[in-house]
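Here are a few notes to go with the structure, written as one colleague to another.

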Amino acid sequence: TTASVTVSTAAVITSSPVSVSKLPNENTSFSVAATGTVVSYQWQVNTGSGYVNIVDDATYAGATTATLNLTNVSIGMNGYLYRAVVNGAVGCNPIMSNAATLTVDNTSITGQPQNFTACSSGANSATFSVVTAGVVSSYRWEVSTNNGSTWAYANGSGYTGFDTNQLTIAGLTLANDNTQVRCIVNNTIVSNAATLSVKEAVTITTAPTETTTCSGSTASFTVAATGAGLSYQWQVSTNAGSTWTNIGTNSTTLSLTGITVGMNNNLYHVIVSGTSPCSAVTSSPAVKLSVLTAIAITTPPVDTTICNTGSGSLTVVATGTNPSYQWQVSTDGGTVWTNTGTNSASLPLTGVTNAMNNYKYQVIISGMAPCGSVTSSVATLFVNQP
């Protein structure tokens, strides 16, 4: 009797299935590749109690092909192991692929990062957070400086916590304005983008300065500042800075009118506020208003009669701060005036002669700057003979 011998090429697995990570209700697949004589495939699953053959159903398709398809994976399938049994020709032993793991990730972001507004002062920082549910294996924060067109890993200078659920950006400047951040969880779940807004800090560049004025006149204080959304609140203290009262309007200049002597030594400052959360800045030191009393003549010089052998005087009475006196005489009836006398409220008249009859006299009384001067009414000298 003659017998024939058939020699088949043994099957060799050239590519085993690869582990995958999926979210619940997603689809996935495992594949195996082999060379040689392959008669059939049988996929097996190990759910924790050993490997069993898979039968096609609503979840599995292609259980006896080179590719096993999985539909709507569930969280209960997390950690399942899959392998393929490759059956060769008669006489060749079946071979098994390496096992691949199915990871079903039920992680989700339950709290998205929120927009953050900060000030540009160097001590300020911004913090963004994500809140997650499920098993988290990694966080990766990314930043965009072009409205989300491109994103980069936020592991540069000034960034901390870029691989945690909380990212902090320190040393904020205006260059950080409109930066966007997002977090990628488990390399697959992308959070919403949050925007960092940086407002310019308030800085007083020119503080108010002290001023001296005269009663009955006006005065003003001015401030110059930089920052975003500036507003101004001027305040006055009448008790050397113990308490302060709001005055004025929202302006860089405080204008004071109808100034009285009672306002002398009042202190003034201004609170400059910017866009929240930038802190308000108060001008310092407080500046003083000095009020001088304006010159006022209460008793003007009056006409006087003197004998040509006698002497006399003209007198004026005035109020005001540190008045100074300049007497004047006119010998032509009041057209031309000539300075005479000393800095005194009284003008002595000595060596009187007949020629001095009908001389006119007046006095100019000046106060401290910026208070002006006041000229008295005219008094006439009459000279009689004995």
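**Notes on the cysteines, sheets and rings**

1. Let me start with cysteine 371, which counts as buried at 7% relative accessibility. Please keep in mind that this is a predicted model. Cysteine 371 is joined by a disulfide to cysteine 214, with an S to S distance of 1.9 Å. The bond links distant parts of the chain: cysteine 214 belongs to strand 24 (residues 211-214), while cysteine 371 is in the loop between strand 40 (359-366) and strand 41 (373-375), 157 residues apart. Cysteine 214 is buried too, its relative accessible area being 8%. The torsion about this S-S bond is about 110 degrees, so the disulfide is right-handed.

2. How many disulfides does the structure hold? There are two, and the other one joins cysteine 119 to cysteine 278 (S to S 2.1 Å). Here 159 residues separate the partners, with cysteine 119 in strand 13 (residues 116-119) and cysteine 278 in the loop between strand 30 (266-273) and strand 31 (281-282). Both cysteine 119 and cysteine 278 are buried. With a torsion of about 110 degrees about the S-S bond of cysteine 119 and cysteine 278, this disulfide is right-handed. Counting bonded cysteines along the chain, the pattern is 1-3, 2-4.

3. Two further cysteines deserve a look. Cysteine 183 is buried, at 0% relative accessibility, whereas cysteine 307 is partly exposed, at 29%.

4. Strand 7 pairs with strand 8 (residues 67-70) over two bridges, and tyrosine 60 stands opposite leucine 70 in strand 8.

5. Another open sheet of three strands runs in the order 14-19-18, with antiparallel pairing. Its edges are strand 14 (125-129) and strand 18 (159-160); each has a single partner strand, so one side of each is left without a neighbour in the sheet. Strand 18 and strand 19 (residues 166-170) are antiparallel and share two bridges. The bridge partner of tyrosine 159 in strand 19 is isoleucine 169.

6. On the aromatic side, the count comes to five pairs. One of them is phenylalanine 30 with tyrosine 82, stacked at 4.9 Å centre to centre and 20 degrees between the planes. Phenylalanine 30 is in strand 3 (residues 28-31) and tyrosine 82 in strand 9 (residues 80-88), 52 residues apart. Both rings belong to buried residues, and together with Tyr60 they form one aromatic cluster.

7. Leucine 102, in strand 11 (residues 100-104), is buried with a relative accessible area of 0%. Its contacts beyond four places in sequence include Phe30, Leu70 and Tyr82.

8. Two arginines sit over rings: arginine 83 over the face of tyrosine 51, 3.8 Å from the ring centre, and arginine 140 with its charged end over tyrosine 153, 4.1 Å from the centre.

9. Finally, asparagine 308 is in the loop between strand 34 (304-307) and strand 35 (312-315). Its side chain makes a polar contact with the side chain of asparagine 354 (3.0 Å). Among the other contacts of asparagine 308 are Val352, Val383 and Pro386.

Definitions and conventions. Residues numbered from 1 in each chain as written. Predicted model: local features only at pLDDT ≥ 70, side-chain atom pairs only at ≥ 80, totals over all residues. Heavy atoms only, no water. Helix = DSSP H or I, 4+ residues; strand = E, 2+ residues; numbered from the N terminus. Polar contact = N/O pair within 3.5 Å; in protein donor to acceptor, adjacent residues only side chain to side chain. Contact = heavy atoms within 4.5 Å. Phe/Tyr/Trp six-rings, centres within 6.5 Å; stacked < 30°, edge-to-face > 60°. Buried < 20%, exposed > 50% of the residue type's maximum accessible area, 1.4 Å probe, protein only. Lys NZ or Arg CZ within 6 Å of the ring centre and 35° of its normal. Pairing = 2+ DSSP bridges. Disulfide = S-S within 2.5 Å.
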